[in-house]
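The following note sets out several points on the fold, taken one at a time. Please read it alongside the sequence and the model.

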Amino acid sequence: MAEIHELTAIQQAEAVRRRELSPVEIAEHYLTRIDRLDGQLGAFIAVTGESARDQARKAEEEALSDTPGEPPPLLGVPIPIKDLDAVAGLPHTSGSAVYADRVADTDSDVVAELRAAGAVFTGKTSTPEFGCACYTENDLVPAARTPWDLSRSAGGSSGGAAAAVAAGLAPAAHAGDGGGSIRIPAAACGVFGIKPTRGRVTQGPVRPDFIGLATAGPIARTVADAALVLDIISVNRPGDYFTAPPLGAGETFLGHALREPGRLRIAGYRSSPVPGAPVDPEVQTACEETAKLLAGLGHDVEEIDPPADAALLEDFALVWAAMAAAERIDPAEEHRLRPLTRHLRERAARSSIADYMGAVARLQNGVRALLPRVLPYDAVLSPVTAAPPVEVGHFGDDPAEEMRLMTEYAPFTSPANITGQPSVSVPLHWTAQGLPVGVALTGRPGGEPTLLSLAAQLEAVRPWADRRPPVWNA
C-alpha cells in the first residue's frame with residue numbers, strides 16, 4: 001500500500017472523501033516528514049504544526065459529517081503557502097530579517113480560496129527577501145536546496161515550495177512568479193509548475209498589481225494536481241487592474257488536463273536572449289529531445305529565433321528594482337536588508353520617474369513587437385534556465401555581479417511575465433549526474449487550457465512523478 005506522501009493531492013482528497021484517510025493522519029504524516037527532512041532542504045521558513053493540526057481536526061469533522069453536497073475539493077490536503085502571501089495568524093516574513101517577527105492579521109485572497117477549498121496549511125515556504133532573487137537564500141533559515149543534490153540550489157523565488165513538493169513534504173504548494181519564480185524552482189527540483197495568464201489570479205487584498213508582472217500559481221508533482229489548485233485560486237476581485245478571459249461554461253483547468261490537446265503548432269528556440277551567454281549542453285539536449293517527442297506525438301514543430309532581446313531584459317531589471325523599492329521599510333532598518341535588496345532599492349532611488357516610465361513604455365512596445373511573432377503558435381518551447389541547478393552560493397555576494405549571473409542563468413522566463421502569457425515548466429530531462437532540467441512551454445494569453453492538455457500528454461508518454469530524489473526515502 002502506498003505511503004501518504006506517495007499519493008497525489010487528488011488521490012488524498014478522494015481518500016478523505018471515501019473516509020479511507022483521516023485529515024489528521026495526513027497532517028501528522030507530513031509534519032513528521034518535515035521535521036525529519038527539512039533540516040537538509042531549507043524548504044520552510046515556518047512550520048505551523050499547531051494551526052495545521054487544528055485545521056486538520058476541523059476537516060476531519062467535516063469529512064465525517066453527513067452534510068449534503070460535495071465536500072470542498074482539497075478537504076484535508078496539506079498545501080504550504082509561500083511566505084510572500086499572508087495567512088491570518090501565521091508568520092509573514094517575506095523572507096526578510098526586518099519582518100522576522102511579523103504575523104499576518106488577514107488572509108490574502110488566494111489563501112482565502114485555498115482555505116475555503118479545505119486545504120491544511122502546514123507552514124510558510126522559504127523565499128528570498130521580497131522574492132527578489134532566482135535562488136532562495138535569506139537571513140532567516142538555511143538556503144533552499146534541490147532534493148536531487150543537496151549541494152545545489154532549489155532555485156527561486158519559490159524555492160521552498162518546489163523543494164517541499166519534490167521531497168514529498170507536500171503534495172502540492174502555493175507559489176508565485178514575477179520573473180520566473182515558479183518555473184525556475186520547478187525546473188531545479190524536477191516538478192511541474194505553471195505561471196498563469198496575467199489577471200487570472202487576484203493579488204488582493206493588499207498586494208498591488210503594479211504593471212502585472214507577478215501572479216500566484218501552483219507547483220505540484222502532477223499536471224492534474226496543479227490544474228486543480230489553479231481552478232481553486234483563479235478568482236478576481238473588485239479593484240484588480242487585470243483580469244483574464246474566463247473559461248467556457250462548465251469548463252475547468254482540471255478537465256483540460258484530462259483531455260488530449262489535438263494537433264498543435266509549436267515553435268521552439270534554445271539560444272539565450274543575452275548576447276554571448278552560453279546555454280548548457282544538457283539544457284540544449286532537453287529542448288531537442290522535447291521537440292522530437294512533440295513531433296512524434298503529431299505536433300508541428302518549427303525553430304524560431306528568440307522572440308525577446310537583451311534590451312527587454314534591461315528594462316525589466318529597472319522595473320524589478322522599482323518593485324523592490326516599493327516595500328515600505330523604516331529607514332533605520334535598511335541596513336538589515338540583504339545586499340541584493342539594498343542594491344535594487346538604491347538603483348530605484350537613483351532613477352527618475354521619467355526613467356521608470358520610459359522603461360514601462362519600452363516594455364509595452366516590446367510586447368507589441370514580441371507577441372505577433374509568437375501568437376501564430378499554440379505553444380513556444382524553450383529552456384527554463386540556461387543551466388542545470390547551480391551550487392548554493394553560486395551567485396556570490398556582490399550585488400552587481402549577482403545581477404549579471406542571475407540574468408545569464410535565467411534569461412528565458414521574465415518575457416512571459418512582461419507579456420502576461422501563461423507558461424509552464426515540465427520536468428522531462430535528467431542529466432547523467434541525476435540533476436533535473438525543466439523545459440518551458442509558453443502559450444497564448446488565456447491559453448492555460450492548451451498548455452495543461454499538452455503538458456499532461458507529455459506526462460503520459462514520459463512520466464516523471466515516480467522519479468524520486470535521494471532524500472525521498474531517507
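What order do the strands take in the open sheet of three strands?

1. The three-stranded open sheet has the order 1-3-2, and its pairing is mixed. Strands, like helices, are DSSP runs numbered from the N terminus (E, at least two residues, for strands; H or I, at least four, for helices), and two strands pair if DSSP finds at least two bridges between them. Strand 1 (44-47) and strand 2 are the edge strands, each pairing on one side only. Strand 2 pairs with strand 3 (residues 123-125) in the parallel sense, over two bridges, and Lys82 stands opposite Thr125 in strand 3.

2. Two remarks on provenance apply throughout. The model is predicted: local features need pLDDT of at least 70, side-chain atom pairs count only at pLDDT 80 or more, and totals for chains, interfaces and linings use all residues. Residues are numbered from 1 along each chain as its sequence is written, and side-chain values use heavy atoms, with hydrogens and water left out.

3. A further open sheet is formed by eight strands in the order 4-6-5-10-11-9-7-8, again with mixed pairing. Strand 4 and strand 8 (300-303) stand at its edges with a single partner strand each, so one side of each has no neighbour in the sheet. On average, neighbouring strands of this sheet are turned by 25 degrees against each other, direction ignored. Strands of a sheet pair through backbone hydrogen bonds, either parallel or antiparallel.

4. Strand 10 (residues 423-430) has eight of its eight residues buried, where buried means under 20% relative accessible area, exposed over 50% and partly exposed in between (1.4 Å probe, protein chains only). Three bridges join strand 10 to strand 5 (residues 192-195), and the two run antiparallel; in this pairing Ile194 stands opposite Val424. Strand 10 is also joined to strand 11 (residues 436-443), by seven bridges and again antiparallel, with Ser423 opposite Thr442. The hairpin of strand 10 and strand 11 has five residues between the strands, and Gly434 there takes a positive phi near 85 degrees.

5. Strand 11 is likewise mostly covered, with eight of its eight residues buried. Both of its faces are covered: Pro436, Gly438, Ala440 and Thr442 are buried on one side, and Val437, Val439, Leu441 and Gly443 on the other. Strand 9 (residues 379-383) runs antiparallel to strand 11 and is joined to it by five bridges. Pro383 stands opposite Val439, and Ser382 stands opposite Ala440.

6. Which residues of helix 4 (residues 109-116) are buried? They are Asp109, Val110, Val111 and Leu114. These buried residues pack against strand 2 (81-82), strand 4 (172-177), strand 6 (215-220) and helix 7 (223-233). Gly118, which follows helix 4, has a positive phi near 95 degrees.

7. Helix 7 is largely enclosed by the rest of the structure, because ten of its eleven residues are buried. The buried set comprises Val223, Ala224, Asp225, Ala226, Ala227, Leu228, Val229, Leu230, Ile232 and Ile233.

8. Leaving aside neighbours within four places in sequence, Leu74 is in contact with Ile79, Leu114, Ala117, Gly118, Ala119, Leu228 and Ile232, contact meaning heavy atoms within 4.5 Å.

9. Helix 11 (residues 339-350) and helix 13 (residues 399-409) pack at an angle of about 90 degrees, with their axes 9 Å apart. Axes are lines fitted to C-alpha atoms, for helices over the stretch in contact, and angles run from 0 to 180 degrees between N-to-C directions. The two helices are therefore roughly perpendicular to each other, a label for 65 to 115 degrees, whereas under 35 counts as roughly parallel, over 145 as roughly antiparallel and the rest as oblique. Helix 11 contributes Pro339, Leu340, His343 and Leu344 to the contact, and helix 13 contributes Pro399, Ala400, Glu402, Met403 and Met406.
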